[in-house]
Amino acid sequence: MPQPPAEISLTTADVARLLAAQHPALGGALRRVAHGWDNDVFRLGDDLAVRLPRREAAARLVRHEQRWLPHLAPLLPVPVPVPVAVGIPEVGYPWHWSVVPWFAGDRVADLAVADRDGLAGEVAAVLGALHRNAPPGAP
């Protein structure tokens with residue numbers, strides 16, 4: 001299935017402008033590291049990433065992440081990208097966006113198939129930790 005077209009095309013300059021306007025203390029080198037199905041991700045310095053929806057369908061999901069990841073993080077046995085800063089819509093960009101911690105690592109898809117087997121226990125632990133009644137108001 002082909003990737004849907006972006007409703008918004010973001011450049012490094014666009015993201016730098018949003019950061020300067022809303023979170024000027026979060027400076028650093030900025031570069032695009034992912035152009036995904038729903039979001040663009042820009043690396044910010046050594047420790048952060050900026051995640052912005054590129055389609056309206058994803059914008060509501062970012063709001064859910066901003067609300068619920070802080071509640072999920074202490075329950076999970078893996079690092080969780082809890083937002084360290086939240087961006088709001090403004091002229092030139094209509095949706096909420098997040099600044100999150102950068103987690104170094106490898107994409108599972110880039111690992112040899114034999115190396116993926118060792119991840120099964122970690123995935124099971126995360127699923128086990130998530131398998132609980134949702135709190136009131138959860139999506």
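Predicted model: local features only at pLDDT ≥ 70, side-chain atom pairs only at ≥ 80, totals over all residues.
Two strands count as a pair if DSSP finds at least two bridges between them. Strand β1 (residues 30-35) pairs with β2 in the antiparallel sense, over 5 bridges. A hairpin of 3 residues takes the chain from β1 to β2.

On to the next strand: β2 and β3 (residues 48-53) run antiparallel and are joined by 6 bridges. D40 stands opposite L52 in β3. These two strands also form a hairpin, with 3 residues between them, and G45 in that turn has a positive phi of about 65 degrees.

Zooming out, 5 strands make up an open sheet with antiparallel pairing, in the order β1-β2-β3-β5-β4. At the edges are β1 and β4 (85-87), each of which pairs on one side only. From one strand to the next, the twist averages 25 degrees.

Further along that order, β3 pairs with β5 (residues 97-101) in the antiparallel sense over 4 bridges. The bridge partner of L48 in β5 is P101.

## Helices across the strands

Helix α1 (residues 12-22) lies across β1, β2, β3, β4 and β5, and runs at about 120 degrees to β1. Helix α2 (residues 56-72) lies across β2, β3, β4 and β5, at about 140 degrees to β3.

## Nonpolar cores

Which residues have the most contacts inside the largest nonpolar core? They are L19, V50, L52, Y93, W97 and V99, in a core of 17 residues. The elements that supply two or more residues to this core are α1, β2, β3 and β5. A second, separate core has 5 residues, including L69, L76, V80 and V126.

For a closer look, pick V99. Setting aside neighbours within four places in sequence, V99 is in contact with L19, L26, L44, L48, A49, V50, P83, V84 and A85.

Technical notes. Residues numbered from 1 in each chain as written. Heavy atoms only, no water. Axes fitted to C-alpha atoms, helices over the stretch in contact; angles between N-to-C directions. Contact = heavy atoms within 4.5 Å. Core = buried A, V, L, I, M, F, W, Y, C linked by side-chain atoms within 4.5 Å. Buried < 20%, exposed > 50% of the residue type's maximum accessible area, 1.4 Å probe, protein only.
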